[in-house]
Amino acid sequence: MALSYSAEELLRAVKAASEEVITEEELLQLLEEKRVRAYIGFEPSNVIHLGALVVCEPIIQLMRAGFSGVFLMADVHGWLNHKGELDVLKETAAQNIELLKKITRARGVEDSVVSFVLGSDYQLGEGYILELFKLARLVTASEARKSMDTISKKDVMHRVSSEIYALMQCIDIAFLKVNVAVGGMDQRKIHVMAREYLRKLGHQKPVAIHTPIILGLDGHAKMSKSLENAIFLNDGEEDVSRKIYKAYCPEGVEEGNPVTQIVKHIIFPWTGGFEVAGNCYTSYSEFLADWVSRRVGAKALKDAVTESIISVLRKINSS
């Protein structure tokens, strides 16, 4: 059964899980009118990692309240971004769909409000391509390229495929008939472009919800399989323990600390609390005060995070 929230309460929950909402007023109106249909897209290049739990949190909040959510497995986007061939990307998409089903079920989302779509099932059709061409007539190459600054692989950045990728992401919003787009802060420029240009093609301007992007365990870049700095949702307990033990975690420091980011953006939303060395915290701010004052040490923190992440992964994989 969907949880009962007022529009204002649900807006607060979404904001708590987000870096920004463009715009809050527009989202509140959709919530009050009970006509939210949200989506989030994933390139199925690898098995999804812990960062997916952060970016999924706003759409989970919306679906827990009974609103529809669409997960796009963007295999064509991945192919354009040189992440693999389509047949391989489709196989990975199937694995990730099963993991995403488990994630939503673990958070109490009803199956009836969740749908999964494979990009290649509609993105190669004549109607889609024609709409893509219409958008291409409006957007400059410079705009499309700039919107991909934090998304494209470096060796793909200046290829035309990168610009097509950005335009497709805008058209997806129209073809999926969604009015809320969810993504990490790296999606911001594309969503702003969609808000500007979709109206000119006769489509609704979407609300955009952007989440923080947590650092990889090395503390230098976002989580990525290629950088070996991620915890994947199919990792075993020994893998989790080993990876967190090696993680960058300067004692008493919050900024640029991937371990405290995991506490803030994953452990508290998923468990509602956090226990370290016998101290029980009901809010991140309570924990942070003890961390920055060094009443909690790095070893104790890593031990507690390891235990909590293993518990979260057990919950997901048993759902």
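## Basis

The model is predicted: local features need pLDDT of at least 70, side-chain atom pairs count only at pLDDT 80 or more, and totals for chains, interfaces and linings use all residues. Residues are numbered from 1 along each chain as its sequence is written, and side-chain values use heavy atoms, with hydrogens and water left out.

## Overall fold

The protein chain has 13 helices and eight strands. Both are DSSP runs numbered from the N terminus: helices are H or I with at least four residues, strands are E with at least two.

The radius of gyration is 20 Å, which agrees with the value near 20 Å for a compact globule of 319 residues. This radius is taken over C-alpha atoms, and the globule rule is 2.2 Å times the number of residues to the power 0.38. The C-alpha trace spans about 60 × 45 × 35 Å along its principal axes.

Of the 319 residues, 54% count as buried. Buried means under 20% relative accessible area, exposed over 50%, and partly exposed in between (1.4 Å probe, protein chains only). Take contacts between residues at least 6 apart in sequence: 74% of them join residues at least 24 apart. Contact means heavy atoms within 4.5 Å.

## Helix 1 against helix 2

Two packed helices are described by the angle between their axes and the distance between the axes. Helix 1 (residues 7–16) and helix 2 (residues 24–32) have axes that come within 9 Å and cross at roughly 135°. That makes helix 1 oblique to helix 2. Axes are lines fitted to C-alpha atoms, for helices over the stretch in contact, and angles run from 0 to 180 degrees between N-to-C directions. Under 35 degrees is roughly parallel, over 145 roughly antiparallel, 65 to 115 roughly perpendicular, and the rest oblique.

Helix 1 contributes Ala7, Glu8, Leu10, Leu11, Val14 and Lys15 to the contact; helix 2 contributes Glu24, Leu27, Leu28, Leu31 and Glu32. These residues divide into seven nonpolar, no polar and four charged. Nonpolar covers Ala, Val, Leu, Ile, Met, Phe, Trp, Tyr, Cys and Pro; charged covers Asp, Glu, Lys and Arg; the others, Gly among them, are polar.

## Two residues

Threonine 104 lies in helix 5 (residues 86–106). At 3% relative accessibility, threonine 104 counts as buried. Leaving aside neighbours within four places in sequence, threonine 104 contacts Met63, Phe71, Val109 and Val114.

Aspartate 121 sits in the loop between strand 4 (114–118) and helix 6 (126–136). At 63% relative accessibility, aspartate 121 counts as exposed. Aspartate 75 is 46 residues from aspartate 121 in sequence and 9.6 Å away in space, C-alpha to C-alpha.
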